[in-house]
Amino acid sequence: MPTYEVFLKPDGKDGFFHAGSLDAPDDEMAALYCRETYIRRGEGVQAWLVARQHIVTLDPKELEVTAHRQHASNDGSVVAQRRRARRQAGTE
Amino acid sequence: MTSAIFRNSPPPEINDAAATILLALADDEFMMGHRHSEWLGLSPFLEEDLTTASIGQDEFGHARALYALIWPSWEMRDADVVRRPPGSWRSCALTEMAGVPWEKSLIRHWLYDLIEPFRWTSATTAYGASATGLSALAERVECEEHFHRAHATALVQRLGAVDTARMRLQHALDDVAPTAMALLHELDSIDASQGAAATQAVLEAAQQASLKITHVSPTVIDRRVRHADAESALRQFVDVVAFDPDARW
């Protein structure tokens with residue numbers, strides 16, 4: 001049986017989140033099982049079901065390097081430090 | 001004797017036609033809830049397991065709402081409902097019989113839920129004006145029953161498309177059909193138009209699933225008499241209540 005990934009959107013401003021997965025023979029039964037297993041108590045106002053085979057998956061190894069790219073995660077502290085120094089020196 | 005059985009006051013006697021019909025529906029829903037719950041942890045796969053339990057819980061909810069409608073002034077606890085003596089129950093053989101193997105349970109779920117909306121329509125047509133809250137309850141129940149039917153129908157159709165599965169379903173249907181036909185016959189005798197519509201719905205569903213319902217002369221349901229399998233179920237209810245008599249459910 002194909003595996004489906006379940007995404008739910010709670011009421012309010014929050015977007016869809018990944019709620020889990022389920023196995024079902026086809027889309028129609030996946031929708032029925034989703035309702036009875038993931039949205040029994042109003043956990044979502046919208047639901048997406050995606051057959052796992054249709055998900056484009058990226059290679060985790062290719063993602064590893066992005067964790068070490070400090071230049072891509074500028075928190076502004078260097079700029080703030082320089083501006084502070086210039087303010088104190090009376091040049092700003 | 002009843003004062004020893006019932007914790008508060010005993011349920012008032014059922015003496016009008018509306019309550020008789022509604023109690024039959026309520027006890028059928030309760031029994032279905034119980035029979036669904038018996039598959040918790042045992043269904044063929046997880047999704048089916050959770051769905052069966054969820055549907056069973058819905059049925060208990062419908063039963064509870066009906067009991068409150070039938071006995072509005074009785075300070076009812078769920079424990080009192082299950083402490084009724086066997087002769088006070090009004091469920092039928094279709095819902096009382098044990099659902100083993102699994103396909104028998106599925107076929108019962110399918111047939112019972114296919115017939116159910118016509119019983120509600122019949123009850124609301126006859127008593128909706130006099131029984132306060134009945135029409136609103138029927139409407140709410142249908143919101144859930146719609147999905148119960150969709151689940152049973154979808155599953156039976158898919159299994160019906162596979163030769164080995166269809167043989168097992170057909171075997172289960174041959175086993176269950178006489179009790180379902182008795183229920184149809186009962187509905188037909190209460191409300192001919194709903195009885196005919198329900199029969200039509202069942203026959204169409206069977207055809208769509210490539211299953212055959214062999215005609216047998218329908219037996220007349222005597223709801224004062226329990227099916228042999230009901231005894232152990234009723235004993236289990238009382239055992240659960242006795243485990244913690246003060247629990248609020």
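Seven residue pairs are in polar contact between chain B and chain A, both residues at pLDDT 80 or more. A polar contact is a pair of N or O atoms within 3.5 Å; within protein, one must be able to donate a hydrogen and the other to accept it, and residues adjacent in sequence count only if both atoms are side-chain atoms. This is a predicted model: local features need pLDDT of at least 70, side-chain atom pairs count only at pLDDT 80 or more, and totals for chains, interfaces and linings use all residues. Residues are numbered from 1 along each chain as its sequence is written, chains are lettered from A and ligands numbered from 1 in the order written, and side-chain values use heavy atoms, without hydrogens and water.

Two salt bridges also link chain B and chain A. In one of them, R158(B) meets E28(A) at 2.8 Å, N to O. The term needs a side-chain nitrogen of Lys or Arg within 4 Å of a carboxyl oxygen of Asp or Glu.

Now the elements behind this face. Helix 3 (46-70) and helix 7 (134-160) of chain B each supply at least two residues to the side that touches chain A. Helix 3 gives the largest share, seven residues. Helices are DSSP runs (H or I, at least four residues), numbered from the N terminus.

Next, the area. About 1,300 Å² is buried between chain B and chain A, and carbon and sulfur atoms give 60% of that. Buried area is the accessible area (1.4 Å probe) that two parts lose on being put together, summed over both. E47(B), F147(B) and R158(B) supply 41% of what chain B buries against chain A, more than any other three residues.
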